[in-house]
Amino acid sequence: MRLVLKRLAAVPVVLLVLSTMVFAAIRLLPGSPATGLAAGGASGTATAADITANTEKINAALGLDKSLLSQYWSFLSDIVHLDLGSSFYGGNDIAGLLGDTLPATIELTVAAMLIAVLIGMLTGILAALRRGTWIDTATRTIGTVSFSLPWFALGVLGIVVFGVWLRWLPVIGRLPNALDYHPLTNFVLIDAILQDRPELIWPWLQHLILPATTLALSMAGFITRIVRASVLEVLGDDFVRTARMKGLSPGAILRRHVLRNSSLPIVTVLGLQFGSLLGGSVITETVFSYPGVGNLLVNGILQRDYPIVQGAALAIALLFTLVNVAVDLLYLALDPRLRKA
Amino acid sequence: MSSEVLLEIRGLTVEFDVPAGRLPAVAGVDLSLRSGEILALVGESGSGKSALSMSLVGLNRGPRAHIGGEVVFGGRDLVAADENELRSVRGKDIAVVFQDALAALNPTQRVGDQVAEMIRTHRKVPKRQARDRAVELLGEVGIANPAQAARAYPHQLSGGMRQRVMIAIGLANDPAVLIADEPTTALDVTIQSQVLRLLKRLQADHGTAIVLITHDLGVVAEVADRVAVMYAGRIVESGTRDEVLFHPQHPYTMGLLSSVPRVDGPPVARLPAIAGSPLTGVARPPGCAFAPRCAFAHPTCGDAIPPLTQRYGGPAHLDRCVLDRSREALEVTP
């Protein structure tokens, strides 16, 4: 329990450090939001003098004319007051934008995680049990290949094969535009249940499967290797011999003794890998025009929309930190030796 | 002591593929276990005593193990039996109490459940009933608060308690044979003797035959009925406890006994040790495996492996040596 409290106490510190880094990094990028806005607003007929004048006006309006330190200070005090600000373009409330996009990203990453764990566990266990055979070699080779393929390549490949050639799956967005969806929680599955609209589920799954699988495959390859190593190690443990001595069947030994004990390193890896999954979701969401936080973040960076970048980065960091607290909790549940009386 | 033979080992060989070739861990053992007796299997590490006992129930089967010979139990040969057949014997008719109970118990399962699992593997009883029986068994092996201990995880118990849990698991289905593989090596001396007395009492109560694997002659003296001494994969001497401990015939047994400190003997600065080290490699000499280390060896010892025969002591006191015991020079005080 203390372990978890410690981790939770670290969350604000992590967020502070991270928001400072994001604040600095986005301002180090060449170009500023004002130049973009000023040129765009003049619809091509603006002279250089107009643009300069506009830029100054816009900078003043956005507060970008103040010193970096005072900008940083007001950014921090806004966060403490749970005010993430509003977009430079269109003035949308950042909290509202995150409320729209974060559930989509959570759906995507959780689905990817489930697919990756399913594939990774099955193949990893199989490889461990058939150690040294062609099945082991094949599984590990495929795992290494999928682990090495970049997300954008997999995503484009998926779009070409399943979207363009086979025409089995939609390749853009989260739900068909024509579908009448009034978000409540913005989690489609939960809304489908709350609003009693089961017809939402199938199109949602159709849109989710390709980006989620794209994201999952590289992680699955990694999990395969960890599961294989971990299961092999536990299979050599003395208590597995005790289980055999009891006369248990190989299946019962695997279920009751091997899996639980080999799950600890696997869970650790899942928590850490969730970070790279979030990173991958930024790319995958862009490839699939999937309306998640990653997509929001990329557009924010391209437009130098500082509040959006800051808000999206904070949301992703918070998600990652919370997942790792959950991993710690799972740890305690799985290994009684870690629970202190 | 009843003389009914329960388990008969004939020509048992166990070989493992190792990088250097085939390692003969057990090189032809004939041995019988009678019902209700405690048979001690004595030898140094690498003498083959563990390999021998694990192969009785096929626990060392694997792609790198080659097991030959026969282990006849209940009218069938366990060496030839397939895994399904063996599974019905393991834990039910023949159970094992392993050394180092901390490693041998599942760290993520409550000990009561580990005992109950042994019961439910072989008997169709409801979970509840198996749990209750597990608590009973934990009490029977001398755990003070069995209901509470049953809910504990192995790391929450002391070393002695864990070994008792291991014994409770071994006895859960009232097996005919219990193999106790160095059950006391991980324990301190007072706990050691408690656990030994427990084994002895349980053996008397249940009539279980026990194969006690040990390198500790003190343990042998305390509980064994019969003793078989192993060296380099073969039995070099066997007989009743008193025959082997007090009238050893084989130079190796004599060496083992003289390296044990004695309270009643004259004080010595240094305990005698057997020179050299045991054979653990792939290559074996053609003759007596102990000859290179034997203080009494003569040239003919290297010619052939001496048979295990009755020579001097009682009718069941066998040893594997060619030395003429009538020569004065060999009289070694144990």
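In which helix of chain A is A:Thr105 found? The residue lies in helix α5, which covers residues 94–129. The model is predicted, so that local features need pLDDT of at least 70 and side-chain atom pairs count only at pLDDT 80 or more, while totals for chains, interfaces and linings use all residues. Residues are numbered from 1 along each chain as its sequence is written, and side-chain values use heavy atoms, with hydrogens and water left out.

Chain A contains 13 helices and zero strands, helices being DSSP runs of H or I with at least four residues and strands runs of E with at least two, numbered from the N terminus. Its C-alpha atoms fill a box of roughly 85 × 55 × 40 Å along the principal axes. Of the 341 residues, 43% are buried, that is, under 20% relative accessible area with a 1.4 Å probe, protein chains only.

A:Thr105 is buried, with a relative accessible area of 2%. Its side chain makes a polar contact with the side chain of A:Glu285 at 2.7 Å; such a contact is a pair of N or O atoms within 3.5 Å, where within protein one must be able to donate a hydrogen and the other to accept it, and residues adjacent in sequence count only if both atoms are side-chain atoms. The side chain of A:Thr105 also reaches the backbone nitrogen of A:Val293 at 2.7 Å. Beyond neighbours within four places in sequence, the contacts of A:Thr105 (heavy atoms within 4.5 Å) include A:Leu278, A:Ser281, A:Tyr290 and A:Gly292.

Methods:
Chains are lettered from A and ligands numbered from 1 in the order in which they are written. Buried means under 20% relative accessible area, exposed over 50%, partly exposed in between (1.4 Å probe, protein chains only).
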